[in-house]
Amino acid sequence: MDSFEPDGNGTNGSNGENGADVENGANGENGANGNGAEHALPPPPPVIPPDVVPLRAQADITPEPLKKKIVRLPIARRGPGTKGQKIPLLTNHFKVNVTNNNKEDHFFHYSVSVTYEDGRPLDGKGAGRRIIERVHQTYISELGGKDFAYDGEKSLFTVGSLPRNKLEFSVVLEDTPSNRNNGNCNADGDGSPNESDRKRLRRPGRSKTFNVEISYAAKIPMKAIGDALRGQESENSQEALRVLDIILRQHASKHFVDVGGGVLGCRGFHSSFRTTQGGLSLNIDVSTTMIIQPGPVVDFLISNQTVRDPFSLDWTKAKRTLKNLRVKTSPTNLEYKITGLSERPCKEQMFTLRNKNAKDGEDGEIEVTVYDYFVNHRNIQLRYSGDLPCINVGKPKRPTYIPLELCELLSLQRYTKALSTLQRSSLVEKSRQKPQERMSILSNALKINNYDGEPMLRACGVSIGNSFTQVDGRVLPAPKLKVGNGDDFFPRNGRWNFNNKKLVKPTKIERWVVVNFSARCDLKALVRDLIKCGDMKGIAIDPPFDVFEENPQSRRAPPLVRVERMFEDIQSKLPGQPQFILCLLPERKNSALYGPWKRKNLAEYGIVTQCIAPTRVNDQYLTNVLLKINAKLGGLNSLLAVEFSPSIPVVSKAPTIILGMDVSHGSPGQSDIPSIAAVVSSREWPLISRYRASVRTQSPKVEMIDSLFKRVSDTEDEGIMRELLLDFYTSSNKRKPDQIIIFRDGVSESQFNQVLNIELDQIIEACKFLDESWCPKFVVIIAQKNHHTKFFQPQSPDNVPPGTIIDNRICHPKNNDFYLCAQAGMIGTTRPTHYHVLLDDVGFSADDLQELVHSLSYVYQRSTTAISVVAPICYAHLAATQMSQFVKFEDASETSSSHGGLTSAGAVPVPQLPRLKENVANSMFFC
């Protein structure tokens with residue numbers, strides 16, 4: 001099959017660089033001016049000779065109708081699974097009953113508009129709720145005595161209609177969040193407060209008047225709740241459930257735990273109505289979100305950066321952290337949004353102040369420092385702000401500066417930056433709950449919230465049960481594994497080890513070196529123990545060719561420089577390129593050296609490398625390191641026995657490729673960092689334990705992968721799928737996959753149709769581009785971890801056993817989904833993975849598909865435990881995370897903003913990832 005043979009285009013597609021040239025064609029610029037002929041007149045129509053009679057156009061020739069695109073929808077459940085030992089379970093879903101004796105038969109949806117007196121829209125989250133509450137208190141009779149459900153933004157719901165379709169009110173609030181005087185300085189942007197600003201500063205705590213307009217938008221039939229109860233989902237039922245969710249959220253209770261670094265965990269309760277096989281249920285769970293520690297800005301910064309005093313702060317980092325947070329200033333008690341910091345300290349930052357006392361002939365403006373203005377003109381004592389930057393609450397071209405010590409952070413502001421390792425471990429420690437503790441907290445929450453006393457729920461006939469829903473689970477047996485010397489063994493409680501066992505396919509490490517970036521470690525002992533441990537596991541490790549210690553003078557150099565110097569040292573002393581480099585890093589997590597080091601090895605030299613930051617080196621630690629090294633170098637640690645035979649139902653009978661797809665985004669505070677799309681694919685069929693990855697950048701925060709198929713000419717496709725399909729073909733004895741099983745991570749229910757109709761279309765196009773007659777069968781499965789369903793054993797303090805599967809009662813009333821707890825929950829309460837089978841052309845039985853998913857939790861080469869989600873998805877996440885370090889590195893060095901193809905119509909160009917060398921591109925470099 002000639003079209004399927006690798007022709008070199010596959011490798012060029014790995015980073016899409018060759019596709020960058022299509023930009024000239026994509027925006028049509030080359031054709032815009034028509035070679036300068038745009039002003040020329042069109043040629044005259046041809047002259048018809050007098051003896052020619054024009055023919056009438058034939059009306060009966062109709063153009064060929066356009067093929068209507070088939071819209072795929074998630075498939076229905078074919079039946080429940082039966083394998084495994086039955087186990088009774090409880091879940092945090094509570095039964096919802098709806099009575100039909102309510103007088104009203106519709107929810108009414110109203111649009112809310114809140115403006116200041118002068119007509120400007122309200123700015124400042126949180127104020128809206130206070131204003132609407134005041135409207136309710138003040139104008140209850142004009143509102144017909146109706147209760148509200150308000151979403152905090154632009155939507156308000158009532159049971160039954162308000163007296164009129166459009167209502168306008170005026171309310172007064174004292175001391176409200178206001179951004180009104182942000183940037184109100186002199187027109188030349190000098191940073192001084194203007195006249196109206198100064199008047200406002202002299203009147204602290206001034207009340208404000210708001211205009212509120214409530215206008216009819218739509219009505220939602222109440223019977224839609226009953227439809228949802230019977231499993232008849234519609235747009236109306238989704239809207240009705242949204243209203244119920246908003247009603248419940250008005251009763252949110254919360255308390256706080258300190259996770260360090262100026263960050264608090266705000267613990268409350270997640271609640272959402274779900275349509276299930278057992279009718280409508282309310283899913284309630286403990287939920288924690290991160291907020292900023294309220295109080296003085298300087299205290300927060302000191303805590304956040306873990307320094308002793310404000311003079312040790314990193315102000316570049318502080319500027320990023322503070323941007324868009326809201327502060328209250330003293331003594332005026334006004335609230336602002338932070339836009340930045342001053343470039344100079346308070347005592348040096350100048351601005352132009354209007355001189356009201358200027359006499360005729362004197363200059364009406366004087367230059368003063370911010371410090372001088374506050375101390376001498378405003379008589380406000382500043383203790384330590386003089387030598388620190390000021391907070392800027394103005395606009396970029398019209399700054400308004402306020403000394404740091406006069407600013408306090410407001411409460412309940414979400415912390416959107418990534419948590420540090422210490423913060424994350426502190427959060428886990430303080431927010432985890434054993435199953436029985438969690439059940440107790442949820443039971444108490446139901447009593448405290450007293451949902452039956454909620455007037456709006458009563459008005460629409462909704463009541464909520466107070467007992468956990470009972471479900472029937474099944475415990476699937478752990479799959480049998482193969483290790484070295486043909487030995488078999490069964491994992492126990494989702495775990496196993498390699499004590500006195502050899503790896504199933506160990507590699508040999510011959511030409512290798514050790515690199516030490518100033519980590520404190522006994523290198524001789526480490527190398528000796530590593531070789532000894534490798535020998536016990538069947539990995540033959542030669543002594544290293546050399547050990548390279550970093551020059552102490554390089555320690556303070558930038559990470560890129562340190563990596564370059566180390567490679568110069570390696571090249572000067574080695575006769576050729578090493579097969580493998582073991583790299584010791586000084587920091588255990590988030591080392592700035594990691595990205596540049598990985599990029600240098602994988603993209604520039606094609607060298608397999610393993611980074612470690614050893615603290616306690618023992619046999620278990622070294623075994624874990626060797627598992628990763630063996631997988632990266634092409635070995636295998638263990639195999640499923642059914643994979644070894646091979647006798648995997650359905651998969652072993654026809655060539656099958658398994659894909660894992662994930663998109664990683666920058667942390668919430670990073671809006672300009674490109675998203676990273678990663679797809680991993682199985683290779684060497686009939687194995688399902690070996691994978692390779694293809695990773696691309698795409699526009700920030702875009703969840704749908706847009707580079708699966710990337711046609712650049714009639715014969716060239718630079719997309720991800722071509723690369724992976726060609727690799728499967730060459731590694732599987734020139735067999736095309738007849739079956740393509742796709743596991744997709746990170747998408748919500750609202751995006752399922754996009755996966756089925758956008759991403760799957762690209763994959764089909766990539767297949768057709770390789771071979772027009774090729775029609776593989778597809779299976780599409782979504783894996784969700786971010787949900788709030790938990791399972792408990794009724795009379796046991798333990799978590800549910802590994803292999804627990806649930807496909808009844810609380811699952812979707814029609815669609816094919818199931819929950820699986822493949823892992824052994826050691827800490828807190830086990831979180832199951834929720835799998836949604838959107839498409840199954842292959843025709844798996846429920847048991848065969850569930851067993852395949854369960855087995856794929858046992859093929860993760862980095863670990864000796866069953867993992868919580870299938871290995872291909874974990875690998876995709878690892879590949880995206882590792883290669884995103886390259887982008888962070890490029891972003892920091894500002895070298896990559898100029899190149900990159902358009903990711904979609906109108907999208908901004910994003911920096912492309914460097915292409916990996918061919919010898920590592922097909923490896924499990926991400927392990």
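Reader: Is Arg528 buried or exposed?

Author: The terms rest on relative accessible area, computed with a 1.4 Å probe and protein chains only: buried is under 20%, exposed is over 50%, and partly exposed is in between. Arg528 has a relative accessible area of 55% and is therefore exposed. This is a predicted model, in which local features need pLDDT of at least 70 and side-chain atom pairs count only at pLDDT 80 or more, while totals for chains, interfaces and linings use all residues. Residues are numbered from 1 along each chain as its sequence is written, and side-chain values use heavy atoms, with hydrogens and water left out.

Reader: With which residue does Arg528 form a salt bridge?

Author: A salt bridge is a side-chain nitrogen of Lys or Arg within 4 Å of a carboxyl oxygen of Asp or Glu. The partner of Arg528 is Asp529, and their closest N and O atoms are 3.4 Å apart. Asp529 is partly exposed, at 26% relative accessibility.

Reader: How many salt bridges does the structure hold?

Author: The structure holds 33 salt bridges. One of them joins the side chains of Asp488 and Lys480, at 3.6 Å from N to O. Asp488 is partly exposed, with a relative accessible area of 37%, and Lys480 is also partly exposed, at 33%. Elsewhere, salt bridges link Arg683, Glu684, Arg690, Arg692, Arg696, Glu723 and Asp727 in a network.

Reader: Where do Glu604 and Lys600 lie?

Author: Helices (H or I, at least four residues) and strands (E, at least two) are DSSP runs, numbered from the N terminus. An α-helix has 3.6 residues a turn, so residues three or four places apart point the same way. Glu604 and Lys600 are both in helix α15, 4 residues apart, about one turn of the helix. They form a salt bridge whose closest N and O atoms are 3.0 Å apart. Glu604 is partly exposed at 39% relative accessibility, whereas Lys600 is buried at 7%.

Reader: Which residues does Lys598 touch?

Author: Contact means heavy atoms within 4.5 Å. Lys598 touches Ala603, Thr609, Cys611, Lys632, Gln882 and Phe886, residues up to four places away in sequence not being counted. Lys598 lies in helix α15, residues 594-605, and is buried, with a relative accessible area of 2%.

Reader: Which way do the residues of β23 point?

Author: In a regular strand the side chains alternate between the two faces of the sheet. From β23, Trp512, Val514 and Asn516 point one way, Val513 and Val515 point the other way, and all are buried. The strand spans residues 512-516 and is mostly covered, with 5 of its 5 residues buried.

Reader: In which sense do β23 and β26 pair?

Author: Two strands pair if DSSP finds at least two bridges between them. β23 and β26 (residues 580-584) pair in the parallel sense over 5 bridges, and Ile581 in β26 is the bridge partner of Val513. β23 also pairs in the parallel sense with β25 (residues 546-549), over 4 bridges; there Phe548 is the bridge partner of Val515.

Reader: What is the order of the open sheet of 3 strands?

Author: The order is β13-β16-β17, with antiparallel pairing. β13 (340-345) and β17 (401-402) are the edge strands, since each pairs on one side only. Strand β16 (residues 389-392) is joined to β17 by 2 bridges, and Ile402 in β17 is the bridge partner of Ile391.

Reader: Which peptide bond ending at Pro331 is cis?

Author: Most residues other than glycine have a negative phi, and most peptide bonds are trans. The bond from Ser330 to Pro331 is cis, with omega near 5°, and Pro331 is in the loop between β11 (326-329) and β12 (335-337). The bond from Trp685 to Pro686 is also cis, with omega near 15°; Pro686 lies in the loop between β30 (675-682) and β31 (691-698).

Reader: What phi does Asn500 have?

Author: Asn500 has a positive phi of about 60°, although it is not a glycine. Asn500 is in the loop between β21 (488-489) and β22 (508-509) and counts as exposed, at 83% relative accessibility. Asn324 likewise has a positive phi, of about 75°, and is partly exposed, with a relative accessible area of 47%.
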